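Let's take a walk through a structure together, going from the overall fold down to a few side chains. Have a look at the sequence and the model first.

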Amino acid sequence: ALITAGYETLTEAGYAPVEIVEAFPHITLSQVHASLAYYYDHTAEVDTSFEEEDREVEAYGKSGPLPA
């Protein structure tokens with residue numbers, strides 16, 4: 001899902017799937033399309049997951065790192 005969000009952000013910024021592959025050559029074009037297909041089929045679930053992660057990161061930033 002993390003990869004999907006990254007791809008979705010890049011496509012929203014105007015990058016075509018082939019440009020994503022050029023920027024990240026370790027990823028195949030079929031992986032980009034599969035990731036986007038998954039995102040479009042599960043948009044609400046993926047978006048909710050990332051919103052939860054954002055809240056956790058924000059809460060962590062406010063509390064600081066745990067003692068070692």
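What follows starts with the fold, then turns to an aromatic pair and a charged patch.

Keep in mind that this is a predicted model. The protein chain has four helices and zero strands, so if you trace the elements from the N terminus on, you simply read α-α-α-α, with helices counted as DSSP runs of at least four residues. How much of the chain is buried? Of its 68 residues, 22% count as buried.

Now zoom in on the aromatics. The structure holds one aromatic pair, and the partners are tyrosine 39 and tyrosine 40. Their ring centres sit 5.6 Å apart, with 65 degrees between the planes. Planes over 60 degrees apart count as edge-to-face, and that is therefore the label this pair gets. Is tyrosine 39 buried or exposed? Its relative accessible area is 8%, and because the cut-off for buried is under 20%, tyrosine 39 is buried.

Next, the charges. Glu51, Glu52, Glu53, Asp54 and Glu56 together form a negative surface patch. Glutamate 51, one of these patch residues, lies in helix α4, which spans residues 43-63. Why can glutamate 51 qualify on accessibility? Its relative accessible area is 44%, and patch residues need over 30%.

Conventions. Residues are numbered from 1 along each chain as its sequence is written. This is a predicted model: local features need pLDDT of at least 70, side-chain atom pairs count only at pLDDT 80 or more; totals for chains, interfaces and linings use all residues. Side-chain values use heavy atoms; hydrogens and water are left out. Patches are made of residues with over 30% relative accessible area and no salt bridge: like charges are joined within 9 Å, nonpolar side chains (Val, Leu, Ile, Met, Phe, Trp, Tyr) within 5 Å. Accessible areas come from the Shrake-Rupley method with a 1.4 Å probe; for residues, only the protein chains shown count as cover. A salt bridge is a side-chain nitrogen of Lys or Arg within 4 Å of a carboxyl oxygen of Asp or Glu. Lys and Arg count as positive and Asp and Glu as negative; His and the chain ends are not counted. The place of a charge is taken as NZ of Lys, CZ of Arg, CG of Asp or CD of Glu. Helices (H or I, at least four residues) and strands (E, at least two) are DSSP runs, numbered from the N terminus. Buried means under 20% relative accessible area, exposed over 50%, partly exposed in between (1.4 Å probe, protein chains only). Rings of Phe, Tyr and Trp (its six-membered ring) pair if their centres lie within 6.5 Å; planes under 30 degrees apart count as stacked, over 60 as edge-to-face and the rest as tilted.
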